[in-house]
Structures are given as C-alpha cells and as structure tokens.
Amino acid sequence: MSRAAEEAGVRAPEVRNAEAAAAVAELGTYKWGFTSDVEQEFAPKGLTEETIRFISAKKNEPEWMLEWRLSAFRIWQTMTQPAWARLSIPPIDYQDAHYYAAPKKRPQLASLDELDPEIRRTYERLGIPIEEQKVLANVAGARKVAVDAVFDSVSVATTFREELRRAGVIFLSISEAIREFPELVRRHLGSVVPVRDNFFACLNSAVFSDGTFVYVPKGVRCPMELSTYFRINAENTGQFERTLIIADAGSYVSYLEGCTAPMRDEHQLHAAVVELIAETDAEIKYSTVQNWYPGDAEGRGGIFNFVTKRALCRGARSKVSWTQVETGSAITWKYPSCVLAGADSVGEFYSVAVTNNCQQADTGTKMIHLGPRTRSRIISKGISAGRSSNCYRGLVRIGPSADGARNFTQCDSLLLGDRCSAHTIPYIEVKTPSAQVEHEATTSRVSEDQTFYAMQRGLPEEEAVALIVNGFCREVLQTLPMEFAVEAQKLLGLSLEGSVG
Amino acid sequence: MLDIRDLHVRVEDRPILEGVTLSVGAGEVHALMGPNGAGKSTLAHVLAGREGFEVTAGSVTFLGQDLLAMEPHARAAAGLFLGFQYPVEIPGVSNLLFLRTALNAQRRQRGEPEISGAEFLRRVRAEAEVLGLDMEMLKRPVNVGFSGGEKKRNEAFQMGILAPRFALLDETDSGLDIDALKVVADGINRFRGPDRGVLLITHYQRLLDHVRPDAVHVMAAGRIVASGGPELARRLEAEGYGALAA
C-alpha cells in the first residue's frame, strides 16, 4: 500500500475493499474448484482399530500414541453425534470414508523449490502466499510469515524453521513433534480438549492425520507470524487436523490459519481439534480465515466443518484472542473458547460468519471465567444471505471464584434478502455477585438507501453491498493481521456473490 | 445535455409525475422550485435510477444516451451526480475509502485506469481546503455522526472529487446556516462550466441569491407550471407558490 493512502487515512484493511469488490466482479463460480493430480496413498476405507493402526504405523508413531488413539476410538464408539445445534445434518456414514491420505512422495525438502511442482502449482492457483513471503521480504519492516503447508494430511514443506529454532520456537507438524518432542506433546495433548470432550473431538483424537505443533519458550516473542494453510485435496478423505500451541510464560505468538478447498460433489467431513495453552503473562493470537467449499447454490456438496477449538489461559495475566472469518463450508459447527483460569487473564473472540445459498452455521464461543478479575470480550458479526441459516451460540460462564470478572458481548446480524435467517442464542451463567456481564445484540438489513447511495456514486450493486458488508465487519477485520485482512475481505465479497439483485 | 420529455411516473399506482418536460443545456444552471409534494425529489430519484418508481411514459436523454435504460452506477459513470437531500450513513466505511472506491468504479466503467493513491490524495487535499473540511472528518465513516451541514458539505466534496458532467442537487441548501450555504453555493459556482450542467432543486430563493440560475422552473402537482428567468424566483418569494399553482 502506498504511503499516500496511509496518510489519507485509508487504513490497510480498508483499502482492500476495492480489491474485494473487483474480485466480486471477476468471478462467476467458486474460483478454487479444481483438483490437483498428486498420487495419493489411502488408508483402506472405513474406520476400525486396523485403520488406526495403519495411520499410526504410517507415521512411525511411538507406542503411547497408538494407545492414545485406540483408547479414543473405543470411547468414540460409545458416543453419538450431537444433535443440539440449530443445524440440519444429513446422516454421515463414518465407515464410507478414507481416514488417511498422503502424497506418496514425501521428500525431506531443503527449500520450497524442491516441492512437488504439481503441489506448487496448486498453491499458486490458490494464490496461497508461499510466494508472498518474498513480496513481504521486499517491504521494509514487513513481518515475515512462516508457512507450514499442510497438503492433505501431511506437511510437505516447512519454512523458516531455522530462524525459529534460533529463537527457540518449535514449529513442526504434529507428527514430527510426536517423534522429536514426545514428552512435550504427551504432556499437553488432550489437556485442553480431553479425548471424551465431544463426539467430533473424540473422533479426531482417534484418527488425526496431521496438524501443527508450536512451542514458544519463556519470554520469547515469536519473530514472525506463524501460518498454516490447510487444503483438502483427496476425494472422500476426512481431514482431521490436530493443532497444539503452547506459549510459555511471558511469550507471544500470532498464528494464522486459512484454507480453501476444491470443488467436490460428495460431502467431506472435517473435524479438527485445536488446543492452545497460555502460561503466565503469555499471549496467543489465533486468526482463521475459513473458506471450505460451501456446496453449490442448491446445497449439493460442500464441507462439513465440525471443529473443537479451545484455549486454556492457565497463567495469571495470560491472554488469548480468537479471530475468525468464516465464509465457507456447507455446515459449520464451531465454538472457539477460552477457559480463563489464571487471575486477570483475558479472552477475546472476534468473529465474522457469512452464510449464503444453503449454508448453515452454528458458531460462537464459550468464555469460562474461573480466575478472579478475568475479562472477556465477544464481538460477533453474522451475515446471512440466500436461503442460509446463521446462528450465533455463545456461553459466558462466571464461576464462583471469578470475583470481579467482566464480560462484554456484542452480536450483530445483517440480513441480505428475505429467505435467510439469523439467530442469536446467548447462554449466561453467573455464580458470583461481583461480576459484570453485558450483552448487546442487533439485527439489521442492508438498507436500500445505503445501496442506492453507493450505486449513485458509481458502484455496481454487488460492489456496493460488499463495501457495506465490509463496513459492518470492520471491528473484526481490524483485528486480523494485515496479510490476512486482504484475503478476508476478498472472501466476504466472493461468498456474497449472487446474493443481491 | 439533459432532455426530459413528457415524463410520467407512478409509485404503486399513484401518479407522481404527470408529463414533465425540461431541458438543460451544457453550461446552464436551472433551478427547479415548487411546494412540498410537487414531485421535485421524485424527479431527482427517477433520473438517478432509484428502484420503486414506474415510468409509464416519456423519455430522458442524457448526453445522447437513453438514461432510463441505464443502471444507477452506469448513470454515475456517464457523469450524472445526485446530491442527496438526506445523505446516507454507511457505518464502518471511511469517507475516503468510499470515495476512492466509487471514483475507481466509475473510471473502470469508462475504461480509464484507476487513480493512484498520491493523485487521489492530492485532489482530496485541494478540495477539502476549498470547502473548509477537516481531513480528520474525511477519515470517519461516511456521514456517521455528521451534522446536517457537514453532510451537505460532504456531498459538495464528493461532487468536487468525482467531477461529474451534470449535478442534480436535491435541496442541497436545506438545513444549512448562512456560512455553510455560502460554501455550498461557492462549490456550485466553481462547478459551473461550459460543458457542465446543473439542476438545482430548492425550496427557497436564498440559494439563488448566491447561485444565479440561467432558468427557473416551477413544479406543482407533477408538472412544470411556469418557467422563466431569475426574476421568476424573486416573484415566487414575494407572492408564494399559490398564485402559480392555482
């Protein structure tokens, strides 16, 4: 961005609105609906103890890991899929899917140049910023971004590892971490989201394919944004990512997660688990741009995104911020949460959830206040278009020992058209009289006055709506790191395409 | 430049305009006056392409094009600017971003390259200085928390930056104190030019003390009932609309 624009007060996330609008104009269908041709090695279809042994063996896991998986699988068999969300989920045949797929060639790469050219091309078509690093490096003072690229289930390339190692930061695929830092993983895996937490988390515990592990040592400020781009590529392959991030005392880390998925006719199941642990005075910022394939306009195809994300603010004055921009998936079931155990710890949740066509989203957060003077802030912006259903579901629980705890919640819903729906379902439980809890909610439409005003100034209708919607989401988009804000704004425009007129 | 011929417009079966004929040539400023409910604002919105109005007869030609066949944003790109009587608030979108996005959208439609950040800023600074606008105000969301006067100045500012061929100003003078009125009038006078046109919709004579029109039209009950020179406006001020509408 030009310095002039900066001076003009056209702040970084905003200036991209024009790009977002341009993207709206340029695209007619799901842009990223292509598949790349990479040889896959599949686990046999179906889910049995054998499948789990296969996965564990493929990954050369230690015995304890296999046992952990197997015990999770046995528990999972006794559980049933939850039905309380405001979602209509078609029956899922868990035996009719592959639970492991890896690119066959899995070389140890010295640099990204050695990456399978086919994979490289896929990334390039997606516009995934592996190349962006170079661009960023040319910008004075620009932050570096380390990318742990997850291609299907296995990390095939990890960059910046050395620089991170020098800082003492461990940034590995979780499979590598299990082999290289077994004690660290073993101590924390499942400590925030226990195996039996819920049906999908339990399934993930049994079959997780790969994911990311981050450890930031005491007092270290991670020298760059850490970034993982997820991508489902194999047909009929469940994607079970597992992420574990530990910020030791006084450390700071910002983690970016984003994904785009290719077009498929059959539903694909995605059940990730993300666990964050913040020790005393540590801070974790976790940002997500989620753009799984949402299905076509009639609701055929699309990803089922059933995710369990939870942070434990264990230490005093620790802080975790979740920021998410959710535009994709046929069905989203996701509640990034914070358990505020440490005194004076802080949890934040900033969310933009967009649903269009036949998409369904039931998403929100849980803020569990345990420690004294813990604070939480929830800003949720829901946008519904087409025939979609968009539900915010949030829990604020203030425990008896959380003296002086405070929460502020703001839930705004924006409707486009008259066939969509928006719902706000807050749960508030307060067990201490000294707590302060505030909840504000609004529902509005993009007004004809606003659209006409913008059109009279020269904007085509879809660009006008994209601009207004971006304004509606501004509070949340502002919390994203700059490189992510760009994508987020593009996605907002893209996902609302065809929702007006 | 703008040719309105026998325009009939209905809103939900209720006739609002019943045969409006009006022509504004290049280099001219016309004032359109008349009592409330005469159809002045309806005419402005129909010209700009707002939905909800049904044109049942007549035609509008703008710079040789069939204006009524164009989308609102295409009318803007062709050079038609509507100064709103009630400028709309757009929360979360800064004035400058809004204006730059709009300007570039227009340029794109005209096949021109996008304006550079530096050039845009140069124009913004120059225009803001002329209108006495605070740069800080321009960074705030579009019209949110602006006073009535600020909103009208902002319309004049947008007009200055977008540099249209034709300005349709709908009661731009209402709600302005005398200083703001002068600023807005100066803006219109600066805008005047041999290849530009203005249709000034106003209730009162007072704006016409600062902007001298080439012609004055009086509208009542959906028709133009009188046309003349600037003296017509002064007569209206003295005698009221009643005499003409009767």
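Chain B and chain A bury about 3,000 Å² between them, 63% of it on carbon and sulfur atoms, where buried area is the accessible area (1.4 Å probe) that two parts lose on being put together, summed over both. This is a predicted model, in which local features need pLDDT of at least 70 and side-chain atom pairs count only at pLDDT 80 or more, while totals for chains, interfaces and linings use all residues. Residues are numbered from 1 along each chain as its sequence is written, chains are lettered from A and ligands numbered from 1 in the order in which they are written, and side-chain values use heavy atoms, with hydrogens and water left out.

**Interface of chain B and chain A**

- In this interface, 41 residues of chain B are in contact (heavy atoms within 4.5 Å) with 30 residues of chain A.
- Four salt bridges are found across the interface, a salt bridge being a side-chain nitrogen of Lys or Arg within 4 Å of a carboxyl oxygen of Asp or Glu.
- The side chains of B:Glu155 and A:Arg457 form a salt bridge, with an N to O distance of 2.6 Å.
- On the side of chain B that touches chain A, α3(B) gives the most, with ten residues; helices here are DSSP runs of H or I with at least four residues, strands are runs of E with at least two, and both are numbered from the N terminus.

**Helix packing in chain A**

- The axes of α5 (residues 63–77) and α11 (residues 199–207) of chain A come within 7 Å and cross at roughly 145 degrees, the axes being lines fitted to C-alpha atoms over the stretch in contact and the angles running from 0 to 180 degrees between N-to-C directions.
- Among the residues making this contact are A:Trp68, A:Phe73 and A:Trp76 of α5(A), together with A:Phe199 and A:Leu203 of α11(A).

**Salt bridges overall**

- Over all chains, the structure holds 32 salt bridges.
- A:Lys59 forms a salt bridge with A:Asp210, the closest N and O atoms lying 3.9 Å apart.
- This pair links distant parts of the chain, 151 residues apart, with A:Lys59 in the loop between α4 (49–58) and α5 of chain A and A:Asp210 in strand β6 (residues 210–216) of chain A.
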